[in-house]
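Thanks for making time this morning.

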Amino acid sequence: MKIAPHGVTKSIAALTLGIVLASVGSLVAGEFNPDINIGDPAPVYRELPGTDGKQHSLSDLKDKRVVVVAFTCNSCPYAVDYEDRLNQLAQKYAAADSAVAVVAINVNKAEKDALPAMIERAHEKKFTFPYLYDESQQIARDFGASRTPEFFVLNADRKIVYMGAMDDDATGKDIKQHFVAEAIAAALAGKLPETKETVPIGCNVRYERTRRTKR
């Protein structure tokens with residue numbers, strides 16, 4: 001039996017390791033999301049306060065076949081520009097007796113993004129969807145959300161089938177593709193959408209920085 005030269009053996013080992021790492025990475029990160037991928041189980045939120053004065057959990061929507069989770073806020077101009085479109089989406093797909101739910105979550109901690117300001121905005125804009133607040137910011141971290149707004153579509157098994165932008169034009173003036181609406185239709189049919197991931201366009205989620213402790 002011939003033994004490969006030491007240098008060749010090292011090269012093969014390095015190539016094999018690279019393939020394994022790439023395979024593992026593809027299971028945990030999407031093309032544009034560093035933390036989560038299409039087909040992954042959706043992170044679960046529990047007992048988040050809403051602008052309606054109630055506590056909300058993902059399990060409350062167990063009878064829904066599709067759930068749209070939108071990370072948004074009051075203060076980002078992009079998020080504000082999408083408020084009417086988000087309302088329209090909920091009105092079209094997420095009536096009380098429909099198979100679809102739309103949920104918006106804010107994790108920013110500035111005063112203008114705090115729950116009292118959210119309550120005012122929800123009343124002013126007549127939001128037809130739950131608008132929730134996570135002061136811990138953990139649910140946005142779990143989803144790998146980086147922008148406001150940023151959208152995730154979950155199927156009946158609560159697997160992620162789409163993540164990214166709502167549509168292909170942040171201004172709303174020349175929309176040619178409605179990514180979230182297409183993902184909803186696909187999920188209702190038990191399929192994956194043709195477009196599964198896009199770059200989210202918006203302001204940065206204002207995560208609190210954790211200070212390193214000296215050793």
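The accessible surface of the protein chain comes to about 12600 Å², and 54% of that area belongs to carbon and sulfur atoms; the areas come from the Shrake-Rupley method with a 1.4 Å probe, and for residues only the protein chains shown count as cover. Please keep in mind that this is a predicted model, in which local features need pLDDT of at least 70 and side-chain atom pairs count only at pLDDT 80 or more, while totals for chains, interfaces and linings use all residues. Residues are numbered from 1 along each chain as its sequence is written, and side-chain values use heavy atoms, with hydrogens and water left out.

Staying on the surface for a moment, Phe 32, Tyr 78, Val 199 and Ile 201 form a nonpolar patch that together has about 340 Å² of accessible area. Patches are made of residues with over 30% relative accessible area and no salt bridge, like charges being joined within 9 Å and nonpolar side chains (Val, Leu, Ile, Met, Phe, Trp, Tyr) within 5 Å. Of these residues, Tyr 78 lies in helix 2 and is partly exposed, with a relative accessible area of 36%.

Now to the fold. The secondary structure comes to 5 helices and 9 strands, where helices (H or I, at least four residues) and strands (E, at least two) are DSSP runs numbered from the N terminus. Along the sequence, the pattern reads α-β-β-β-α-β-α-β-α-β-β-β-α-β. Among the contacts with a separation of 6 or more, 73% are accounted for by residues 24 or more positions apart, contact meaning heavy atoms within 4.5 Å.

How much of the chain is buried? Buried residues make up 44% of the 215 residues, with buried meaning under 20% relative accessible area, exposed over 50%, and partly exposed in between (1.4 Å probe, protein chains only). In soluble globular proteins, nonpolar side chains tend to be buried together. The largest nonpolar core here has 30 residues, and those with the most contacts inside it are Val 68, Leu 86, Leu 89, Val 102, Val 153, Val 180 and Ile 184. By a nonpolar core I mean a set of buried Ala, Val, Leu, Ile, Met, Phe, Trp, Tyr and Cys residues joined through side-chain atoms within 4.5 Å. The elements that each supply at least two residues of this core include strand 3 (66–71), helix 2, strand 4 (100–106) and strand 7 (150–154), but the largest share, 6 residues, comes from helix 5. If you look at Leu 89, leaving aside residues up to four places away in sequence, you will find that Leu 89 touches Val 68, Ala 94, Val 102, Met 166, Val 180 and Ile 184. A second, separate core of 23 residues includes Leu 58, Val 103, Ile 105 and Phe 143.

Turning to charge, side chains of opposite charge can pair when their charged atoms come close. A salt bridge is counted when a side-chain nitrogen of Lys or Arg is within 4 Å of a carboxyl oxygen of Asp or Glu, and by this rule there are 6 salt bridges. One of them joins Arg 85 and Asp 167, with the closest N and O atoms 3.0 Å apart. Arg 85 lies in helix 2 and Asp 167 in the loop between strand 8 (160–164) and helix 5 (179–188), so the pair ties together parts that are 82 residues apart in sequence. Both Arg 85 and Asp 167 are buried.

Lys 125 forms a salt bridge with Asp 84, again with the closest N and O atoms 3.0 Å apart, and this pair links Lys 125 in helix 3 (residues 115–125) to Asp 84 in helix 2 (residues 77–93), 41 residues apart. Lys 125 counts as partly exposed at 25% relative accessibility, and Asp 84 is also partly exposed, at 43%.

Finally, the aromatic residues: rings of Phe, Tyr and Trp (its six-membered ring) pair if their centres lie within 6.5 Å, with planes under 30 degrees apart counted as stacked, over 60 as edge-to-face and the rest as tilted. By this rule the count comes to 7 aromatic pairs. The rings of Phe 127 and Tyr 131 have centres 5.5 Å apart and planes at 80°, so this pair is edge-to-face. Phe 127 is buried at 15% relative accessible area, and Tyr 131 is buried at 1%. For Tyr 162 and Phe 179 the centres are 6.2 Å apart and the planes at 20°, so this pair is stacked; Tyr 162 is in strand 8 and Phe 179 in helix 5, 17 residues apart, and both are buried.
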